[in-house]
Structure formats: C-alpha cells, structure tokens
Amino acid sequence: MKSSRVLLSTVVAFSLLALSGCGEKEPAKAADNGLPAECNEYVTTVTTCVNKLGKDNKAMADQFKTQMDAATESWKQMSDKEALKNSCKAAMDAFKPALSQLGC
C-alpha cells in the first residue's frame, strides 16, 4: 500500500505541476464551474481514486483535497482555458495507466 501512495503522490504532483505551467491566450468555453470538461474529468477521477485509497489514511486524503482545491481555484483564474484543457487532458492520459496499478 505504501508504494501505491508514493506512486499516486508522484503522479498527482507531476500532474499539478504540469497544469500550473499553462500560458495565457483567449479563453475557450468552460464548464459551469469555470473549468474545461477535461479538467473536471481529471479532478473527479483523481479525487475518486484518492478517496478510495485514503479510506485507511484520512490525513493523506485530506491533504490531497486541500492541494486539489487550491489547484482548481488557481486554474479557474487562468485566462487560457484552451491550454488548460490540453494540460488536463495530458494529465489524465498520464494518470490513466496508474489507475489500475493503484486499484482504482
């Protein structure tokens, strides 16, 4: 289980770092919460996995939630939603292989 947490932490940290580097351009159509659908899919998928893995480690799940909430709030402020959409899609594509390894 420890290796699962390390893998999940690494994947999520890499994904959040990649998403934080989006540039500025004209905004694209966003979801109701201000995020592209690809970002909502990524957040939902990763959060569901963390919650599943965090059943025995509430502190880890709580820490992740705090980090994800902060990240999504900063993403909402980005004007280049097209770049954000592409970054979220890339993050989701990178995370998908880890889902089965983590048992999500």
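**View 1. Cys88, a buried cysteine.** At 0% relative accessibility, Cys88 counts as buried, because buried means under 20% relative accessible area, exposed means over 50% and partly exposed lies in between, with a 1.4 Å probe and protein chains only. Please keep in mind that this is a predicted model, in which local features need pLDDT of at least 70, side-chain atom pairs count only at pLDDT 80 or more, and totals for chains, interfaces and linings use all residues. Residues are numbered from 1 along each chain as its sequence is written, and side-chain values use heavy atoms, with hydrogens and water left out.

**View 2. The disulfide of Cys39 and Cys88.** Here Cys88 meets its partner: Cys39 and Cys88 form a disulfide, with 1.9 Å between their sulfur atoms. A disulfide is a pair of cysteine sulfur atoms within 2.5 Å. Cys39 sits in helix H2 and Cys88 in helix H4, so this pair ties together parts that are 49 residues apart in sequence. Helices (H or I, at least four residues) and strands (E, at least two) are DSSP runs, numbered from the N terminus. The torsion about the S-S bond of Cys39 and Cys88 is about 90 degrees, so the disulfide is right-handed. Like Cys88, which has 0% relative accessibility, Cys39 is buried at 0%.

**View 3. The disulfide of Cys49 and Cys104.** The sulfur atoms of Cys49 and Cys104 are 1.8 Å apart and form a disulfide. This pair links distant parts of the chain, with Cys49 in helix H2 and Cys104 in the segment after H4, 55 residues apart. The link of Cys49 and Cys104 is right-handed, with 60 degrees about the S-S bond. Cys49 counts as buried at 2% relative accessibility, whereas Cys104, at 38%, counts as partly exposed.

**View 4. How the cysteines pair up.** The count comes to two disulfides. If you number the bonded cysteines of the protein in sequence order, the pairing reads 1-3, 2-4.

**View 5. Tyr42 and Phe95, an aromatic pair.** A search of the whole structure finds one aromatic pair. Tyr42 and Phe95 form an edge-to-face aromatic pair, 6.5 Å centre to centre and with 80 degrees between the planes. Tyr42 lies in helix H2 (residues 37-53) and Phe95 in helix H4 (residues 81-102), so the pair ties together parts that are 53 residues apart in sequence. Rings of Phe, Tyr and Trp (its six-membered ring) pair if their centres lie within 6.5 Å; planes under 30 degrees apart count as stacked, over 60 as edge-to-face and the rest as tilted. Tyr42 and Phe95 are both buried.
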